[in-house]
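Let's take a friendly walk through a protein complex, one piece at a time. Keep the picture beside you and find each element as it comes up.

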Amino acid sequence: MKLQRISALTKKELKKTIREPAVLFMIFLFPIIFVFAFGASLGGVGGSQTVTYNIGVVNMDHANSVNASQTLITTLSNIKILNIHMYANDQTARNDLSQGTVQAVMIIPSDFSQSLASYQASPNDPSQWTNATVSLYLDQGSLVATQAIPPIIQQALTSMTEQSQQSTKSPFAIQTASLVEVNTQSALDFIAPGMFTFASIFLIMMVAQSFTQDRENGMMKRIRISPTTPTEFIQAK
Amino acid sequence: MKLNSSKHINKIEKVNIKMTEPAITIQNLTKKFEDKTALENLNLQVTKGELFGLLGPNGAGKTTTINVLCGLVKPSSGLAKVYGYDVQKETQKVKELIGVCPQETAIYPYLTGAENLELLGNLYGMNRKIFKERSNMLFAKLGLKEDAKILAAKYSGGMKRRLSLTLALINDPQVEFLDEPTVAMDPQSRHAVWGFIKDQKIQGKTVILTTHYMEEAEELCDRVGIIDHGKLIALGAPKELITESQVKNLEELFIKLTGRAIREEA
């Protein structure tokens, strides 16, 4: 195997890629156009339409006096982009989540009202508070929902305690179930796999086309007559 | 009248007797493609330094003969040698000795003339200095020096053919196979190539030339062999063949031997 031959053939392939606009288009531009066109057709790009999220709520809080959970549900219902569906139990709600009927399930704990009452009794003394944790299950498949829903719920909880801007403490916490991980992904993370796949497919097509072109125009014959071995030729491709 | 008669085969023997060192030896060469016989018991010897014309209608077996001699096609039976090396068993040694200008204009259009030549030079593992000298000489002789840095895609048809010829000869081969090198060339380019081919002979190179231009074969070749249906039907110096067959020129002899029917290319 001779490096001089492999490098000469590789150089030739690179020049072909750079100098032939069709090759450049197919390898680089077409995947980008295709990914955006495909994304737009499925509503993933642009997004001028109103997006709504279905959220399932399981209310475990049945306090008789000040029912804070109802206030929270009302607050969430007033948010235009949320559709609230009430569930009697955790299992039914999670079944609907796994089937895609809802994109998130929120479980209001039984001590939610008690927690709010403890806060209202002594808002400046966190040691007196009864802390409550709101559990949140998210649809892992809906990456946009996982990005958008937790902040909305956090904001609703914050509004209930009417915290001052200086204070960051609250008796309520959101716990995202460990089974459902919220991924923080950039736009590039969405596009890159598609672009890579398309570029790979077109690259394979280009190599195949290069073989047929070499055969048709007689260059394959010339290369086969030279001392170049088939291994060197294939490696350079 | 068929000239594969004893009279013409005798001429082969007479010429062969004079030959001392054979550049190409073909013995009982047969090549079959499924049901079609491309070459049938072909026997031929070309001496070193000879300019030999391989003539024949389309599909007669000229290119198949060249492909066998280059090691590109495996013969069904028989023997083919180049400079004493068996093309099937010592292919690598044969490759170092030969240069081929294919029928197709085999160039990369997206490379410049110089880049095309550099690629071939590297494929032959040529030394940089030798390559430079050789490429300058070839470009100058074939009138491509001024256009060496232009993309081959922008070359005219004749320039592309001349570039194809330079690519075939970059490794300074001892045996040159030129498969219709002047096809689609204007008279100026054709005469330039003729001059170049003659020059190759002066340098002692063995040239196997296939062509459909009979005046080209008459002008250039020491000997010609006419092949039809894979068989050698005439062999000898053009003038001797013309005199012996009592025809005006090689074209008339060609038609006389191969007939007027249009051949289908295979």
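In chain A, the strands β1(A) and β3(A) run parallel and are joined by five bridges. One of the pairings to look for is A:V57, whose bridge partner in β3(A) is A:M106. Please keep in mind throughout that this is a predicted model.

These two strands belong to an open sheet of five strands in chain A, ordered β2-β1-β3-β4-β5, and the pairing is mixed. At the edges sit β2 and β5 (172-176) of chain A, each of which pairs on one side only. On average, neighbouring strands of this sheet are turned by 25 degrees against each other, direction ignored.

**Helices around the sheet of chain A**

Helix α6 of chain A, residues 143-161, lies across β1, β2, β3, β4 and β5 of chain A. The helix runs at about 160 degrees to β4(A).

Helix α4 of chain A covers residues 90-98. Which residues of this helix are buried? They are A:A93, A:R94 and A:L97. Seen down the axis of α4(A), the buried residues fall within an arc of 95 degrees, so they line one face of the helix. After α4(A) comes A:G100, which has a positive phi, near 85 degrees.

Now step back to see chain A as a whole. The chain has nine helices and five strands, and along the sequence they follow the pattern α-α-β-α-β-α-β-α-β-α-β-α-α-α. Of its 237 residues, 25% count as buried. Take the contacts in chain A between residues at least 6 apart in sequence: 75% of them join residues at least 24 apart.

**The sheet of chain B**

Chain B has an open sheet of six strands, in the order β6-β7-β8-β3-β9-β10, and its pairing is mixed. The edge strands here are β6 (98-101) and β10 (231-236) of chain B, each pairing on one side only. From one strand to the next, the twist averages 15 degrees.

Within this sheet, strand β3 (residues 51-55) and strand β9 (residues 223-228) of chain B run parallel and are joined by four bridges. There, B:L54 stands opposite B:G225 in β9(B).

| Helix | Residues | Lies across | Angle to one strand |
|---|---|---|---|
| α6 of chain A | residues 143-161 | β1, β2, β3, β4 and β5 of chain A | about 160 degrees to β4(A) |
| α2 of chain B | residues 62-70 | β3, β6, β7 (175-179), β8 (206-210) and β9 of chain B | about 150 degrees to β7(B) |
| α7 of chain B | residues 187-202 | β3, β7 and β8 of chain B | about 150 degrees to β8(B) |

**One residue in chain B**

Let's zoom in on B:N116, found in helix α4 (residues 113-123) of chain B. Is B:N116 buried or exposed? B:N116 has 26 C-beta neighbours inside 10 Å. The cut-off for a buried residue is 20 or more, so B:N116 counts as buried. Leaving aside residues up to four places away in sequence, B:N116 touches B:I107, B:Y108, B:L111, B:A152, B:L163 and B:L167. The C-alpha atoms of B:N116 and B:T166 are separated by 9.6 Å, although these residues are 50 residues apart along the chain.

**Where the chains meet**

The contact takes 20 residues from chain A and 20 residues from chain B. On the chain A side, the elements giving two or more residues are α1 (3-19) and α8 (219-225). The largest share of that side, seven residues, comes from α1(A). By class, the chain A side has five nonpolar, five polar and ten charged residues.

**How confident is the predictor?**

For the complex, the predictor gives an ipTM of 0.80 and a pTM of 0.66. Chain B has a mean pLDDT of 89, with 92% of its residues reaching 70 or more. Over residues 1-19 of chain B, however, the pLDDT is below 50. Beyond near neighbours in sequence, this stretch has 23 contacts in the model. Where pLDDT is low, the predicted coordinates should not be read in detail.

Technical notes
Residues numbered from 1 in each chain as written. Chains lettered and ligands numbered in written order. Predicted model: local features only at pLDDT ≥ 70, side-chain atom pairs only at ≥ 80, totals over all residues. Contact = placed C-beta atoms within 7 Å. Nonpolar A, V, L, I, M, F, W, Y, C, P; charged D, E, K, R; others polar. Buried ≥ 20, exposed ≤ 12 C-beta atoms within 10 Å, placed from the backbone. Arc of directions from axis to C-beta. Pairing = 2+ DSSP bridges. Axes fitted to C-alpha atoms, helices over the stretch in contact; angles between N-to-C directions. pLDDT = per-residue confidence, 0-100.
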